[in-house]
Amino acid sequence: MNKFDERKRSFEKKFVRDEELQFKVAARGNKYLGEWASSQLGKNNEEEKKNYIEEIIKADMEEAGSEDVFRKI
């Protein structure tokens, strides 16, 4: 194995790690946004809040970008 192959693998691993971290950050941001929106909508029941937050997180999977989340809210 030469140095270029090792370098290529390390860049690929870094890319995968960075993408995974970006996904986790976006999901956590959507969770907090969902918590805030549910409190603004007056969802006092914990089950209602949990369901609404899950809907917000799932809405982000529909298309690229944050527009689908804002449309959901």
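Trainee: What caps the N-terminal end of α1?
Mentor: That's N2. In this predicted model, a side-chain oxygen of N2 lies 3.2 Å from the backbone nitrogen of F4.

Trainee: And what comes after α1?
Mentor: G42 follows the helix, and its phi is positive, near 80°.

Trainee: How far does α1 reach?
Mentor: From first C-alpha to last, α1 spans 55 Å with its 38 residues.

Trainee: Which residues of α1 are buried?
Mentor: N30, G34, A37 and S38. The cover over the buried residues of α1 includes α2 (46-59) and α3.

Trainee: Why does N30 count as buried?
Mentor: Because its relative accessibility is 10%, and the cut-off for buried is under 20%.

Trainee: OK, what does N30 touch?
Mentor: Leaving out residues up to four places away in sequence, N30 touches I56, I57, D60 and V69.

Trainee: Switching topic: where is I73, and is I73 buried, exposed or partly exposed?
Mentor: I73 sits in the segment after α3. I73 counts as partly exposed because its relative accessibility is 38%.

Trainee: Which residues is I73 in contact with?
Mentor: Apart from neighbours within four places in sequence, I73 contacts L33, A37, Y52 and I56. A37 is one of the buried residues of α1.

Trainee: Last one: where is confidence lowest, and where highest?
Mentor: Lowest is helix α3 (residues 67-72), with a mean pLDDT of 79, and highest is helix α1 (residues 3-40), at 90. The protein averages 85, and 99% of the residues score at least 70.

How values were computed. Residues are numbered from 1 along each chain as its sequence is written. Side-chain values use heavy atoms; hydrogens and water are left out. pLDDT is the predictor's confidence in each residue, from 0 to 100. Helices (H or I, at least four residues) and strands (E, at least two) are DSSP runs, numbered from the N terminus. Buried means under 20% relative accessible area, exposed over 50%, partly exposed in between (1.4 Å probe, protein chains only). Contact means heavy atoms within 4.5 Å. The expected span of a helix is 1.5 Å times one less than its number of residues. A polar contact is a pair of N or O atoms within 3.5 Å; within protein, one must be able to donate a hydrogen and the other to accept it, and residues adjacent in sequence count only if both atoms are side-chain atoms.
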